[in-house]
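Here is a friendly tour of one model, residue by residue and then by its open spaces. Please keep the viewer open as you read.

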Amino acid sequence: MELISENRAFGGHHRRYKHASDSTNCEMTFAVFLPPFASQENPVPVLYWLSGLTCTDENFMQKAGAMRLASELGMAIVAPDTSPRGDDVPDDEDGAYDMGLGAGFYVNATQSPWKDHYQMYDYVTKELPTLVESEFPVTGERAVSGHSMGGHGALVVGLNEPERYVSVSAFSPVANPMNCPWGEKAFSAYLGEDKANWQQYDAAYLLAQKQHYIPLLVEQGRGDQFLTEQLKPEALVNAAQQSDTQLTLNMHEGYDHSYFFIASFIEEHLQFHASHLGLI
């Protein structure tokens with residue numbers, strides 16, 4: 001790993017690193033916040049944050065206002081990038097914001113030209129946690145959260161691999177990507193036209209298949225400009241009812257899709273995860 005930058009924050013340390021990734025076959029960047037007193041003698045659990053379309057690791061760390069409470073709780077936060085990047089990494093030929101760079105959708109691509117680099121599911125669930133747990137004073141206890149495309153990612157990895165995470169939360173997630181324009185576009189390119197191959201990356205589909213016991217918390221603003229066409233939170237509610245899974249979905253009048261919304265409720269989510277990580 002190569003340290004890119006370091007800042008003190010709320011008694012802890014915010015650091016950005018880059019490293020060569022075997023999963024994505026390119027150099028990846030991630031950020032980590034370590035609370036005060038985190039040490040090899042006192043390792044801390046980790047909240048993984050998955051960001052949305054067009055974002056990098058910097059959006060959450062700089063805008064969400066999460067570090068103060070994370071410092072008090074004794075929780076590390078790790079924020080990866082949202083896609084592979086580099087001169088050899090393919091991008092949407094039209095430069096669209098919802099495909100290619102900044103839009104990895106946290107899947108393992110199977111189609112050319114994406115499959116050589118866009119293995120974001122393996123990166124965030126396997127390679128990055130292995131690296132973090134070997135290099136930093138953290139435990140193997142993990143929670144996962146995210147926003148929009150990253151909310152989709154958080155729900156999918158948590159529902160697919162509940163043994164890896166103690167709790168899952170999401171802000172404004174793309175709940176049913178198999179049935180919305182963002183998801184249909186990205187999944188067709190990354191995974192091919194056979195929708196049976198999309199199901200493993202659709203939170204609403206996964207939630208409906210069986211009863212899940214991992215704690216699930218979702219925040220959604222009613223003033224979100226993407227609510228009806230792209231996000232479809234009602235699909236999560238219907239799926240949870242089908243499988244008799246406990247889901248908490250909080251709808252908020254007037255809130256939009258921005259980090260103003262995330263910053264307004266991030267502390268509730270940190271408390272939620274802290275309770276399941278044994279910090280409170």
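## Asn-250 and its neighbours

Asn-250 touches Leu-217, Val-218, Glu-219 and Gln-220, leaving out residues up to four places away in sequence; contact here means heavy atoms within 4.5 Å. With one of these residues, Glu-219, the side chain of Asn-250 also makes a polar contact of 2.9 Å. A polar contact is a pair of N or O atoms within 3.5 Å; within protein, one must be able to donate a hydrogen and the other to accept it, and residues adjacent in sequence count only if both atoms are side-chain atoms.

Asn-250 belongs to strand β9 (residues 248-252). Helices (H or I, at least four residues) and strands (E, at least two) are DSSP runs, numbered from the N terminus. Asn-250 counts as partly exposed because its relative accessibility is 27%; buried means under 20% relative accessible area, exposed over 50%, and partly exposed in between (1.4 Å probe, protein chains only).

## About the model

This is a predicted model, in which local features need pLDDT of at least 70 and side-chain atom pairs count only at pLDDT 80 or more, while totals for chains, interfaces and linings use all residues. Residues are numbered from 1 along each chain as its sequence is written, and side-chain values use heavy atoms, with hydrogens and water left out.

## Leu-216 in strand β8

Leu-216 sits in strand β8 (residues 216-221). Its relative accessible area is 4%, so Leu-216 is buried. Beyond its neighbours within four places in sequence, Leu-216 is in contact with Leu-155, Leu-159, Val-168, Leu-207, Thr-245, Gln-246, Leu-247, Thr-248 and Phe-272. For Leu-159, 57 residues away along the chain, the C-alpha separation from Leu-216 is 9.3 Å.

## Two buried polar side chains

Ser-148 is in the loop between β6 (138-146) and α4, and it counts as buried at 3% relative accessibility. A 2.9 Å polar contact joins its side chain to that of His-257. Residues up to four places away aside, Ser-148 touches Gly-52, Phe-171, Ser-172, Pro-173, Val-174, Trp-182 and His-257.

Glu-161 lies in the loop between α4 (149-160) and β7 (168-171). With 10% relative accessibility, Glu-161 is counted as buried too. Its side chain has a polar contact of 2.8 Å with the side chain of Arg-164. Tyr-121, Thr-125 and Lys-126 are the residues that Glu-161 touches, not counting those up to four places away in sequence.

## Aromatic pairs

How many aromatic pairs does the structure hold? There are 18. Rings of Phe, Tyr and Trp (its six-membered ring) pair if their centres lie within 6.5 Å; planes under 30 degrees apart count as stacked, over 60 as edge-to-face and the rest as tilted. The Trp-49 and Phe-60 rings are stacked, because their centres are 4.1 Å apart and their planes at 20°. This pair links distant parts of the chain, 11 residues apart: Trp-49 in strand β4 and Phe-60 in helix α1 (residues 57-63). Trp-49 counts as buried at 0% relative accessibility, and Phe-60 is buried with a relative accessible area of 1%.

Phe-105 and Phe-187 form an edge-to-face pair, since their ring centres are 6.2 Å apart and their planes at 80°. Phe-105 lies in the loop between β5 (76-80) and α3 and Phe-187 in helix α5 (residues 181-191), so the pair ties together parts 82 residues apart in sequence. Both Phe-105 and Phe-187 are buried. One aromatic cluster is formed by Trp-49, Phe-60, Phe-171, Tyr-255, Phe-261 and Phe-265.

## Cavity and pocket

A search of the whole structure finds 1 cavity of 30 Å³ or more. On a 1 Å grid over the protein atoms alone, a cavity is a set of points where a 1.4 Å probe fits but cannot get out, and a pocket is an open set with protein on both sides within 12 Å along at least five of seven lines; lining residues have an atom within 4 Å of a point. Grid points are joined across faces, edges and corners, and a volume is the space filled by probe spheres set on the points. The largest cavity has a volume of about 40 Å³, and its lining consists of Tyr-48, Leu-50, Pro-80, Val-124, Leu-128, Val-144, Val-157 and Tyr-165. The elements giving two or more residues to this lining are β4 (44-50) and α3 (120-135).

The largest pocket has a volume of about 220 Å³. Its lining has 14 residues, of which Leu-53, Thr-54, Cys-55, His-147 and His-257 lie nearest the centre.
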